[in-house]
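The following exercises ask the reader to work through a structure step by step. Please examine the sequence and the model before reading each solution.

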Amino acid sequence: MNALEFTENIETENKTATIHTDSRTTLDSLKNNNIHIHRIEEIRRKVAEMGEIKWKIKFCWVKAHVGIQGNEIADTFAKEAATNADIIECYKKVPKSVVISELGGISTEKWQREWDQLQREQSQKNTSR
């Protein structure tokens, strides 16, 4: 949303912008008109408003944590904000479904890593006998 607001205020004749994100969940949600999460609806409204003043906005997925400079900077700012004790936490606009989805994905990935590690260890024990 911040990227859209920043882009909207740029004075240029070329009103085309590509917003890069490492959040596939966000991109998938934006494409699915059956999803009405508050933040997604805000983004859709802003894109529509910008379209009325001739902006063409595209969204593009980038892989996280692979050294893409802009993404690494965004991650650094997010990490600083998350660990800054002076920032007041506000979760009112984060729907429960998003939290459950994000935590579910993280939990599944963690379980899979642990399962794979256990399988490797079991395989090594079996081959060493």
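Helices (H or I, at least four residues) and strands (E, at least two) are DSSP runs, numbered from the N terminus. The model is predicted: local features need pLDDT of at least 70, side-chain atom pairs count only at pLDDT 80 or more, and totals for chains, interfaces and linings use all residues. Residues are numbered from 1 along each chain as its sequence is written, and side-chain values use heavy atoms, with hydrogens and water left out.

**Exercise 1.** Determine why the span of helix H3 agrees with its number of residues.

*Solution.* Step 1: the expected span is 1.5 Å times one less than the number of residues. Step 2: H3 covers residues 38–52, which is 15 residues, so it should span 21 Å. Step 3: the end C-alpha atoms lie 21 Å apart, in agreement.

**Exercise 2.** State whether Arg 44 is buried or exposed, and describe its surroundings.

*Solution.* Step 1: Arg 44 is located in helix H3. Step 2: buried means under 20% relative accessible area, exposed over 50%, and partly exposed in between (1.4 Å probe, protein chains only). Arg 44 has 18% relative accessibility and therefore counts as buried. Step 3: contact means heavy atoms within 4.5 Å. Apart from neighbours within four places in sequence, Arg 44 contacts Ser 29, Leu 30, Asn 32, Asn 33, Ile 35 and His 36. Step 4: the Arg 44 side chain reaches the backbone oxygen of Asn 32 at 2.7 Å.

**Exercise 3.** Identify which elements the buried residues of H3 pack against.

*Solution.* Step 1: the buried residues of H3 include Ile 40, Ile 43 and Met 50. Step 2: the packing partners are helix H1 (2–8), helix H2 (24–31) and strand E2 (56–61).

Technical notes. A polar contact is a pair of N or O atoms within 3.5 Å; within protein, one must be able to donate a hydrogen and the other to accept it, and residues adjacent in sequence count only if both atoms are side-chain atoms.
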